Amino acid sequence: MTTPNPALRREVIAIYKELLNLGKAYPLGYDYFRPRLHKAFASNASLTEEKDIRKGVERAEFVKKEIEALYYLKKYRSMRQRYDKL
Amino acid sequence: MSALRILVPVKRVIDYAVKPRVNKAQTAIETAGVKHSMNPFDELSIEESVRIREKKSYAGGVEEIIALSIGPPKSVDVLRTAMAMGADRSIFVEVKDGEEVEPLAVGKIIRRLVEKEKINMVMCGKQSIDDDSGQTGQIVAGLMGWGAATQASKVSFGEGGVSVEKEVDGGTETVRSQLPMVITTDLRLNEPRYASLPNIMKAKKKKIDKITAEELGVSLEKRLKTLKVIEPPPRKGGGKVEDVDGMIAKLKELGAI
(Lines give C-alpha, C1' and ligand atoms only; values in the text may rest on other atoms or scores of the structure.)
Protein backbone atom coordinates (compact mmCIF):
# COMPACT_ATOMS: atom_id res chain seq x y z
CA MET A 1 0.00 0.00 0.00
CA THR A 2 1.61 3.25 -1.11
CA THR A 3 1.25 6.05 1.45
CA PRO A 4 1.35 9.58 0.03
CA ASN A 5 2.30 10.95 3.44
CA PRO A 6 4.37 8.64 5.69
CA ALA A 7 4.59 11.26 8.47
CA LEU A 8 0.81 11.43 8.70
CA ARG A 9 0.62 7.63 8.73
CA ARG A 10 3.03 7.59 11.68
CA GLU A 11 0.82 10.11 13.48
CA VAL A 12 -2.24 7.90 13.01
CA ILE A 13 -0.37 4.84 14.24
CA ALA A 14 0.97 6.80 17.25
CA ILE A 15 -2.48 7.96 18.40
CA TYR A 16 -3.84 4.44 17.84
CA LYS A 17 -1.11 3.00 20.07
CA GLU A 18 -1.76 5.65 22.75
CA LEU A 19 -5.48 4.84 22.78
CA LEU A 20 -4.73 1.12 22.88
CA ASN A 21 -2.49 1.69 25.90
CA LEU A 22 -5.18 3.74 27.64
CA GLY A 23 -7.73 1.02 26.90
CA LYS A 24 -5.87 -1.40 29.16
CA ALA A 25 -7.36 0.39 32.17
CA TYR A 26 -10.88 0.73 30.72
CA PRO A 27 -13.58 -0.04 33.35
CA LEU A 28 -15.49 -2.37 31.01
CA GLY A 29 -12.26 -4.23 30.20
CA TYR A 30 -9.58 -4.28 27.51
CA ASP A 31 -11.55 -6.93 25.61
CA TYR A 32 -14.45 -4.51 25.31
CA PHE A 33 -12.28 -1.57 24.30
CA ARG A 34 -9.83 -3.08 21.83
CA PRO A 35 -12.24 -4.34 19.13
CA ARG A 36 -14.23 -1.10 19.28
CA LEU A 37 -11.07 0.98 18.88
CA HIS A 38 -9.99 -1.19 15.97
CA LYS A 39 -13.40 -0.86 14.28
CA ALA A 40 -13.36 2.92 14.72
CA PHE A 41 -10.01 3.21 12.97
CA ALA A 42 -10.75 0.54 10.37
CA SER A 43 -13.95 2.30 9.29
CA ASN A 44 -11.79 5.28 8.28
CA ALA A 45 -9.09 3.24 6.57
CA SER A 46 -10.27 4.27 3.10
CA LEU A 47 -9.63 7.99 3.67
CA THR A 48 -7.11 9.54 1.26
CA GLU A 49 -7.53 13.30 1.64
CA GLU A 50 -4.97 14.74 4.07
CA LYS A 51 -7.47 17.10 5.70
CA ASP A 52 -9.92 14.26 6.34
CA ILE A 53 -7.20 12.16 7.95
CA ARG A 54 -6.15 15.19 10.05
CA LYS A 55 -9.76 15.58 11.22
CA GLY A 56 -9.80 11.92 12.19
CA VAL A 57 -6.56 12.29 14.17
CA GLU A 58 -7.99 15.35 15.94
CA ARG A 59 -11.09 13.38 16.87
CA ALA A 60 -8.90 10.56 18.19
CA GLU A 61 -6.88 13.07 20.27
CA PHE A 62 -10.17 14.42 21.65
CA VAL A 63 -11.30 10.90 22.61
CA LYS A 64 -7.94 10.33 24.31
CA LYS A 65 -8.45 13.46 26.45
CA GLU A 66 -11.99 12.34 27.29
CA ILE A 67 -10.75 8.93 28.44
CA GLU A 68 -7.98 10.49 30.54
CA ALA A 69 -10.58 12.80 32.13
CA LEU A 70 -12.84 9.80 32.81
CA TYR A 71 -10.02 7.91 34.53
CA TYR A 72 -9.01 10.95 36.58
CA LEU A 73 -12.57 11.75 37.71
CA LYS A 74 -13.24 8.15 38.67
CA LYS A 75 -10.09 8.01 40.76
CA TYR A 76 -10.62 11.47 42.29
CA ARG A 77 -14.23 10.71 43.27
CA SER A 78 -13.32 7.34 44.80
CA MET A 79 -10.45 8.83 46.78
CA ARG A 80 -12.59 11.76 47.91
CA GLN A 81 -15.37 9.45 49.05
CA ARG A 82 -12.93 7.35 51.03
CA TYR A 83 -10.61 9.94 52.49
CA ASP A 84 -12.49 13.21 52.74
CA LYS A 85 -14.81 12.18 55.58
CA LEU A 86 -14.86 15.06 58.02
CA MET B 1 20.16 30.14 46.25
CA SER B 2 20.68 26.39 45.94
CA ALA B 3 18.58 24.32 43.59
CA LEU B 4 15.89 21.91 44.77
CA ARG B 5 16.92 18.28 45.06
CA ILE B 6 13.61 16.48 45.56
CA LEU B 7 13.19 12.93 46.84
CA VAL B 8 9.79 11.42 46.07
CA PRO B 9 9.04 8.11 47.81
CA VAL B 10 6.49 6.10 45.82
CA LYS B 11 4.77 2.90 46.86
CA ARG B 12 3.40 -0.03 44.90
CA VAL B 13 -0.03 -0.76 46.34
CA ILE B 14 -3.12 -2.72 45.34
CA ASP B 15 -4.89 -0.64 42.68
CA TYR B 16 -7.47 1.74 44.14
CA ALA B 17 -10.31 0.28 42.04
CA VAL B 18 -9.77 -3.31 43.23
CA LYS B 19 -11.84 -4.60 46.11
CA PRO B 20 -9.35 -6.06 48.62
CA ARG B 21 -9.98 -9.56 49.95
CA VAL B 22 -8.68 -10.97 53.19
CA ASN B 23 -6.67 -14.17 52.84
CA LYS B 24 -7.91 -17.50 54.25
CA ALA B 25 -5.63 -17.32 57.27
CA GLN B 26 -7.00 -13.86 58.20
CA THR B 27 -3.46 -12.52 58.50
CA ALA B 28 -3.23 -10.23 55.50
CA ILE B 29 -4.87 -8.96 52.34
CA GLU B 30 -4.68 -11.24 49.31
CA THR B 31 -2.12 -9.81 46.85
CA ALA B 32 -1.36 -12.72 44.50
CA GLY B 33 -2.56 -11.98 40.97
CA VAL B 34 -4.17 -8.72 42.06
CA LYS B 35 -3.68 -5.55 40.02
CA HIS B 36 -1.18 -3.17 41.61
CA SER B 37 -0.29 0.43 40.79
CA MET B 38 1.28 3.56 42.28
CA ASN B 39 -0.31 4.93 45.44
CA PRO B 40 -2.60 7.77 44.19
CA PHE B 41 -1.15 10.23 46.72
CA ASP B 42 2.35 9.45 45.42
CA GLU B 43 1.21 10.30 41.88
CA LEU B 44 0.33 13.75 43.26
CA SER B 45 3.87 14.05 44.69
CA ILE B 46 5.60 13.21 41.41
CA GLU B 47 3.28 15.52 39.51
CA GLU B 48 3.90 18.41 41.90
CA SER B 49 7.69 18.00 41.69
CA VAL B 50 7.56 17.99 37.88
CA ARG B 51 5.26 21.03 37.84
CA ILE B 52 7.62 22.98 40.15
CA ARG B 53 10.33 22.33 37.57
CA GLU B 54 8.21 23.03 34.48
CA LYS B 55 6.62 26.19 35.82
CA LYS B 56 9.97 27.40 37.27
CA SER B 57 8.13 28.07 40.54
CA TYR B 58 11.36 28.04 42.53
CA ALA B 59 14.00 30.61 41.67
CA GLY B 60 16.86 28.22 42.31
CA GLY B 61 15.40 25.69 39.90
CA VAL B 62 15.00 21.95 40.30
CA GLU B 63 18.29 20.08 39.99
CA GLU B 64 17.03 16.54 40.37
CA ILE B 65 13.82 14.64 41.08
CA ILE B 66 14.66 11.20 42.47
CA ALA B 67 11.96 8.58 42.89
CA LEU B 68 12.40 6.01 45.65
CA SER B 69 10.59 2.76 46.29
CA ILE B 70 10.96 0.17 49.02
CA GLY B 71 9.25 -3.08 48.18
CA PRO B 72 9.13 -6.39 46.33
CA PRO B 73 10.82 -6.85 42.92
CA LYS B 74 7.73 -5.67 40.98
CA SER B 75 8.07 -2.22 42.57
CA VAL B 76 10.30 -1.26 39.64
CA ASP B 77 7.09 -0.91 37.58
CA VAL B 78 6.03 1.93 39.85
CA LEU B 79 9.48 3.52 39.52
CA ARG B 80 9.21 3.31 35.73
CA THR B 81 5.84 5.09 35.92
CA ALA B 82 7.40 7.78 38.14
CA MET B 83 10.20 8.32 35.62
CA ALA B 84 7.74 8.34 32.73
CA MET B 85 5.90 11.14 34.54
CA GLY B 86 9.14 13.11 34.81
CA ALA B 87 11.39 11.88 37.63
CA ASP B 88 15.05 11.93 36.54
CA ARG B 89 16.17 8.67 38.12
CA SER B 90 15.19 6.15 40.77
CA ILE B 91 16.51 4.34 43.81
CA PHE B 92 15.14 0.89 44.59
CA VAL B 93 15.45 -0.80 47.97
CA GLU B 94 14.33 -4.35 47.38
CA VAL B 95 12.67 -6.46 50.06
CA LYS B 96 11.28 -9.98 49.88
CA ASP B 97 7.85 -10.48 48.34
CA GLY B 98 5.25 -10.38 51.09
CA GLU B 99 7.56 -8.68 53.58
CA GLU B 100 6.02 -5.53 55.02
CA VAL B 101 8.15 -2.52 55.86
CA GLU B 102 6.90 -0.31 58.68
CA PRO B 103 6.83 3.50 58.37
CA LEU B 104 9.65 3.88 60.91
CA ALA B 105 11.96 1.70 58.80
CA VAL B 106 10.88 3.58 55.66
CA GLY B 107 11.63 6.85 57.43
CA LYS B 108 15.09 5.65 58.46
CA ILE B 109 15.90 4.56 54.91
CA ILE B 110 14.74 7.94 53.60
CA ARG B 111 16.93 9.67 56.18
CA ARG B 112 20.03 7.81 54.99
CA LEU B 113 19.24 8.63 51.36
CA VAL B 114 18.55 12.28 52.15
CA GLU B 115 22.06 12.48 53.64
CA LYS B 116 23.62 10.48 50.80
CA GLU B 117 21.93 12.38 47.94
CA LYS B 118 21.95 15.85 49.58
CA ILE B 119 18.17 16.12 49.34
CA ASN B 120 16.53 19.36 50.48
CA MET B 121 12.91 18.46 49.89
CA VAL B 122 11.03 15.22 50.54
CA MET B 123 7.65 15.16 48.85
CA CYS B 124 5.52 12.17 49.84
CA GLY B 125 1.88 11.20 49.77
CA LYS B 126 -0.08 11.91 52.95
CA GLN B 127 -0.85 8.20 53.32
CA SER B 128 -0.77 4.96 51.40
CA ILE B 129 -4.08 3.38 50.48
CA ASP B 130 -3.08 -0.05 51.76
CA ASP B 131 -1.99 0.48 55.33
CA ASP B 132 -3.21 4.09 55.69
CA SER B 133 -0.53 4.79 58.32
CA GLY B 134 -0.02 8.39 57.24
CA GLN B 135 3.19 8.47 59.28
CA THR B 136 6.13 8.34 56.89
CA GLY B 137 6.36 12.07 56.08
CA GLN B 138 6.13 13.06 59.72
CA ILE B 139 8.64 10.41 60.81
CA VAL B 140 11.16 11.63 58.21
CA ALA B 141 10.74 15.22 59.42
CA GLY B 142 11.20 14.12 63.02
CA LEU B 143 14.31 12.07 62.22
CA MET B 144 15.84 14.91 60.17
CA GLY B 145 14.77 17.75 62.48
CA TRP B 146 12.99 19.35 59.51
CA GLY B 147 9.61 21.08 59.35
CA ALA B 148 6.73 19.11 57.82
CA ALA B 149 3.80 20.66 55.98
CA THR B 150 1.22 17.90 55.67
CA GLN B 151 -1.95 17.48 53.56
CA ALA B 152 -0.72 20.10 51.09
CA SER B 153 -3.28 21.43 48.63
CA LYS B 154 -1.04 24.21 47.32
CA VAL B 155 2.72 24.78 47.32
CA SER B 156 4.29 28.12 46.41
CA PHE B 157 7.72 29.73 46.71
CA GLY B 158 8.45 33.33 47.64
CA GLU B 159 10.71 35.76 49.43
CA GLY B 160 9.79 34.42 52.85
CA GLY B 161 10.32 30.79 51.96
CA VAL B 162 8.01 27.93 51.01
CA SER B 163 4.30 28.55 51.59
CA VAL B 164 2.07 25.53 51.90
CA GLU B 165 -1.70 25.61 52.08
CA LYS B 166 -2.78 22.60 54.12
CA GLU B 167 -6.18 20.93 54.12
CA VAL B 168 -7.62 20.88 57.63
CA ASP B 169 -11.08 20.20 59.03
CA GLY B 170 -13.35 22.98 57.86
CA GLY B 171 -10.97 24.63 55.44
CA THR B 172 -7.30 25.33 54.84
CA GLU B 173 -4.38 26.58 56.91
CA THR B 174 -1.31 28.20 55.37
CA VAL B 175 2.14 27.65 56.83
CA ARG B 176 5.53 28.95 55.75
CA SER B 177 8.87 27.28 56.19
CA GLN B 178 12.44 27.29 54.93
CA LEU B 179 14.20 24.50 53.11
CA PRO B 180 14.98 21.73 53.83
CA MET B 181 11.51 20.43 54.54
CA VAL B 182 9.00 17.61 54.12
CA ILE B 183 5.72 18.10 52.29
CA THR B 184 2.96 15.47 52.21
CA THR B 185 0.47 15.70 49.37
CA ASP B 186 -3.32 15.73 49.49
CA LEU B 187 -6.00 15.12 46.91
CA ARG B 188 -6.55 18.63 45.60
CA LEU B 189 -2.89 19.54 45.06
CA ASN B 190 -2.92 18.85 41.32
CA GLU B 191 -4.17 16.48 38.59
CA PRO B 192 -1.49 13.88 37.87
CA ARG B 193 -0.59 13.45 34.19
CA TYR B 194 -0.85 10.23 32.21
CA ALA B 195 2.51 8.95 31.05
CA SER B 196 2.42 8.99 27.26
CA LEU B 197 3.99 6.11 25.33
CA PRO B 198 6.96 8.22 24.12
CA ASN B 199 7.67 9.17 27.77
CA ILE B 200 7.37 5.56 28.87
CA MET B 201 9.94 4.67 26.20
CA LYS B 202 12.27 7.49 27.31
CA ALA B 203 11.95 6.35 30.91
CA LYS B 204 13.40 2.95 30.01
CA LYS B 205 16.76 4.69 29.54
CA LYS B 206 16.66 6.36 32.96
CA LYS B 207 18.69 4.84 35.79
CA ILE B 208 17.38 2.73 38.66
CA ASP B 209 20.04 2.31 41.35
CA LYS B 210 19.56 -0.67 43.62
CA ILE B 211 20.64 -0.56 47.24
CA THR B 212 19.78 -2.73 50.24
CA ALA B 213 18.64 -1.67 53.70
CA GLU B 214 21.74 -3.37 55.13
CA GLU B 215 24.04 -1.23 52.98
CA LEU B 216 22.24 1.82 54.35
CA GLY B 217 22.66 0.51 57.89
CA VAL B 218 18.91 0.31 58.50
CA SER B 219 17.26 -2.62 60.22
CA LEU B 220 13.87 -3.63 58.85
CA GLU B 221 12.96 -5.21 62.17
CA LYS B 222 9.25 -4.96 62.81
CA ARG B 223 7.93 -3.43 65.99
CA LEU B 224 4.29 -4.31 65.39
CA LYS B 225 2.74 -7.71 64.87
CA THR B 226 -0.48 -8.11 62.91
CA LEU B 227 -2.71 -10.44 64.90
CA LYS B 228 -5.77 -10.58 62.69
CA VAL B 229 -7.22 -9.04 59.54
CA ILE B 230 -10.99 -9.20 59.03
CA GLU B 231 -13.40 -7.56 56.62
CA PRO B 232 -15.79 -4.95 58.02
CA PRO B 233 -19.27 -6.31 58.83
CA PRO B 234 -21.66 -6.13 55.85
CA ARG B 235 -23.91 -3.10 55.81
CA LYS B 236 -27.27 -3.85 57.35
CA GLY B 237 -30.13 -2.85 55.09
CA GLY B 238 -32.36 0.06 56.06
CA GLY B 239 -36.03 -0.42 56.83
CA LYS B 240 -38.97 1.37 55.30
CA VAL B 241 -41.76 3.01 57.33
CA GLU B 242 -45.34 3.78 56.24
CA ASP B 243 -45.66 7.36 57.46
CA VAL B 244 -44.44 9.87 60.06
CA ASP B 245 -46.23 8.01 62.91
CA GLY B 246 -44.52 4.82 61.79
CA MET B 247 -41.13 6.61 61.83
CA ILE B 248 -41.69 7.97 65.36
CA ALA B 249 -42.77 4.52 66.57
CA LYS B 250 -39.63 2.98 65.01
CA LEU B 251 -37.34 5.60 66.57
CA LYS B 252 -38.94 4.99 69.98
CA GLU B 253 -38.44 1.27 69.47
CA LEU B 254 -34.72 1.81 68.77
CA GLY B 255 -34.47 3.97 71.88
CA ALA B 256 -33.47 7.01 69.88
CA ILE B 257 -36.27 9.17 71.31
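The model is predicted, so local features need pLDDT of at least 70 and side-chain atom pairs count only at pLDDT 80 or more, while totals for chains, interfaces and linings use all residues. Residues are numbered from 1 along each chain as its sequence is written, chains are lettered from A in the order in which they are written, and side-chain values use heavy atoms, with hydrogens and water left out.

**The interface**

- Chain A puts 16 residues in contact with 22 residues of chain B (contact means heavy atoms within 4.5 Å).
- About 1,700 Å² is buried between chain A and chain B, with carbon and sulfur atoms giving 58% of that (buried area is the accessible area, 1.4 Å probe, that two parts lose on being put together, summed over both).
- K75(A), M79(A) and Y83(A) supply 35% of the area that chain A buries against chain B, more than any other three residues.

- K75(A) and E43(B) meet in a salt bridge, at 3.0 Å from N to O.
- On the side of chain A that touches chain B, α1 (6–23) and α3 (50–83) of chain A each supply at least two residues (helices are DSSP runs of H or I, at least four residues, and strands are runs of E, at least two, numbered from the N terminus).
- α3(A) gives the most to that side, with 11 residues.

**Aromatic pairs**

- Seven aromatic pairs turn up over all chains (rings of Phe, Tyr and Trp, the last by its six-membered ring, with centres within 6.5 Å; planes under 30 degrees apart are stacked, over 60 edge-to-face, the rest tilted).
- Y71(A) and Y194(B) have ring centres 6.3 Å apart and planes at 65°, so they sit edge-to-face.
- Y71(A) is buried at 10% relative accessibility, and Y194(B) is partly exposed at 32% (buried is under 20% relative accessible area, exposed over 50%, partly exposed in between; 1.4 Å probe, protein chains only).
- Y83(A) and F41(B) are also edge-to-face, because their planes are at 75°, with centres 5.5 Å apart.
- That pair crosses from helix α3 of chain A to helix α1 (residues 40–54) of chain B.
- Y83(A) is buried at 18%, and F41(B) is buried at 1%.

**A148(B)**

- A148(B) lies in strand β7 (residues 147–158) of chain B and is partly exposed at 36%.
- Leaving aside neighbours within four places in sequence, A148(B) is in contact with A141(B) and V182(B).

Conventions: A salt bridge is a side-chain nitrogen of Lys or Arg within 4 Å of a carboxyl oxygen of Asp or Glu.
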